[in-house]
Amino acid sequence: MLPADGNPATLPALPPLTGLRRDFIWGVSTSSFQIEGATRKDGRGPSVWDTRGQQGLIANRDTGDVACDHYHRYKEDVALMQRLGIQAYRFSVAWPRVLPQGRGTPNEPGLAFYDRLIDALLAAGIEPWLCLYHWDMPQAIDDLGGWTARDSVAWFADYAALVAGRYGDRVKRFATFNEPSIFTLFGFGFGGGQDAVAADRMHRAIHHVNLAHGTAVDALRARVPASSIGCVHNFQPCRPSTPADTPAAALSDAYWNRAYPDPQSRGFYPPLLREKIEPHMQPGDMARIVRPLDWFGLNHYGPTYFKADPNSRFGFDFGAAPADMGQTPIGWTMDPQAFHETLLTVDRDYGLPIYVTENGMGEKEQLDANGAVIDNKRIAFLRAYIAAMNDAASAGADVRGYFVWSLLDNFEWEAGYSVRFGLTYVDYPTQRRIPKTSFHWYADLIKTARQQ
Ligand code: FCB
């Protein structure tokens, strides 16, 4: 018999953890727009994702207006984190909450929200990991051209300075961007038809985001000397659907995996992209991008398959995965061995300590008749991926932490609330939080790991 919150008497066996460091950090990740709600509260300005919601572009015409109501329920959510036993919590600040116009006068009530959150985390013994940008760009900045405007670099650096000045007495871990390759590729029409103007705008945006990253690193470091700074990348093997698609897979790898970490850590753009990006560069730019970093944030879900498509915007499109490739319930690839491979690749190519800042599994779940969510598939996914990480660490990858995506079911971008990634089920009509079985399994894993 299961208790109402799905905590079974016995949980599936934990993976081996013998390859991991003694000071390994266990955590969970979320992002501002996906959980906060309160989008019109206390002077917050609109973001591009509010606009998308209003335009009806999200599944089921969902919006982020309420989301998980974390803005009001952050204390309850920190209590959940405490029950999990995590050491670190990665969240993002909503740029339009602290600077409603993206620049200019800061919004004191918005700033005060993150004071409350950070203080609650520290009181609970959980280290705050603050990400500056998880896709919710202020609409006012987008109206001025967003990342295609070179001025966006200075606006972002000013925002970084504001955040560092306000929270730097309590926050030491900062990420500049979450998955820059994903928001640029998809923001400029990946999968769409040929459009040379849109493609060119994306190449310009890639360069400006890299410049914004480097400039923000300096702004953070100047105000918080003891800070530990990274950038969070979505990195996975980009594989060809058929042997003929091998060049397309190489091109997709350049855009998807390399366009940001290569300039940021090695000082060059991938050779396949140079001709496209160099026209947007000015003398001295690369030196502003390549700043010393403390760690590499790795978001990983599964390998991606590509095919050549000369009619698509960037020359490639998603292709079919092999018939025997594992799949999650929402059709994402599932291949722990690819995670192992990625950890070794990132370790070899960038030489930075790696924190897995996102990994997890999506499903379309409902409460069962007992009011519980027994998510054994998620447990099997996490178990296999954590075991693969342990093996990669044994094989020499310098991996130092792991954050599950996500603490809570939340607003999953275009899919709205139809897809759930949480360790905790959110009953949206009542906002009740119901820990799934995986919540208890992960708590058990952390407890065991920390006793080793
Ligand atoms: C990542 C995003 C995160 C979430 C997960 C499922 O690409 O960074 O916000 O949507 O996917």
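**Helix packing, barrel and cores in a predicted model**

Tutor: L80, R83 and L84 of helix α3 meet F439, H440, Y442, A443 and I446 of helix α16. By class, this contact of α3 with α16 comprises six nonpolar, one polar and one charged residues. The structure is a predicted model.

Student: Are the axes of α3 and α16 roughly parallel, roughly perpendicular or oblique to each other?

Tutor: The axes of α3 (residues 70-84) and α16 (residues 437-451) come within 8 Å and cross at roughly 55°. An angle under 35 degrees would count as roughly parallel, and one of 65 to 115 as roughly perpendicular. The relation of α3 and α16 is therefore oblique.

Student: With which residues is M389 in contact, leaving aside its neighbours within four places in sequence?

Tutor: M389 is among the residues that touch the most other members of the largest nonpolar core. Leaving aside neighbours within four places in sequence, the contacts of M389 are L20, F24, W26, F339, L343, V356, V399 and Y402.

Student: In what order do the strands of the closed barrel run, and what is the average twist from one strand to the next?

Tutor: The closed barrel has eight strands with parallel pairing, in the order β1-β2-β3-β4-β5-β7-β12-β13. From one strand to the next, the twist averages 25°.

Student: How many residues of strand β5 are buried, and which residues point each way?

Tutor: Strand β5 (residues 228-234) is mostly covered, with seven of its seven residues buried. S228, G230, V232 and N234 point one way from β5, and the residues that point the other way are I229, C231 and H233.

Student: How many bridges join β5 to β4 and to β7?

Tutor: Strand β4 (residues 173-178) runs parallel to β5 and is joined to β5 by four bridges; the bridge partner of A175 is G230 in β5. Strand β7 (residues 295-299) also runs parallel to β5, with C231 opposite F296 and N234 opposite N299. The bridges number four for β4 and five for β7.

Student: Which strands stand at the edges of the open sheet?

Tutor: Three strands form this open sheet with mixed pairing, in the order β6-β8-β9. Two of the strands have a single partner strand each, so one side of each is left without a neighbour in the sheet. The edge strands are β6 (238-240) and β9 (316-318).

Student: Which residue in β9 is the bridge partner of F306?

Tutor: Strand β8 (residues 304-308) and β9 run antiparallel and are joined by three bridges. In β9, the bridge partner of F306 is F318.

Student: Is R288 buried, partly exposed or exposed?

Tutor: R288 lies in helix α13 (residues 285-289). Not counting residues up to four places away in sequence, R288 touches R150, V153, L211, G214 and T215. Buried would require under 20% relative accessible area and exposed over 50%. At 35% relative accessibility, R288 therefore counts as partly exposed.

How values were computed. Residues are numbered from 1 along each chain as its sequence is written. This is a predicted model: local features need pLDDT of at least 70, side-chain atom pairs count only at pLDDT 80 or more; totals for chains, interfaces and linings use all residues. Side-chain values use heavy atoms; hydrogens and water are left out. A nonpolar core is a set of buried Ala, Val, Leu, Ile, Met, Phe, Trp, Tyr and Cys residues joined through side-chain atoms within 4.5 Å. Buried means under 20% relative accessible area, exposed over 50%, partly exposed in between (1.4 Å probe, protein chains only). Contact means heavy atoms within 4.5 Å. Axes are lines fitted to C-alpha atoms, for helices over the stretch in contact, and angles run from 0 to 180 degrees between N-to-C directions. Angles under 35 degrees count as roughly parallel, over 145 as roughly antiparallel, 65 to 115 as roughly perpendicular and the rest as oblique. Ala, Val, Leu, Ile, Met, Phe, Trp, Tyr, Cys and Pro count as nonpolar, Asp, Glu, Lys and Arg as charged, and the others, Gly among them, as polar. Two strands pair if DSSP finds at least two bridges between them.
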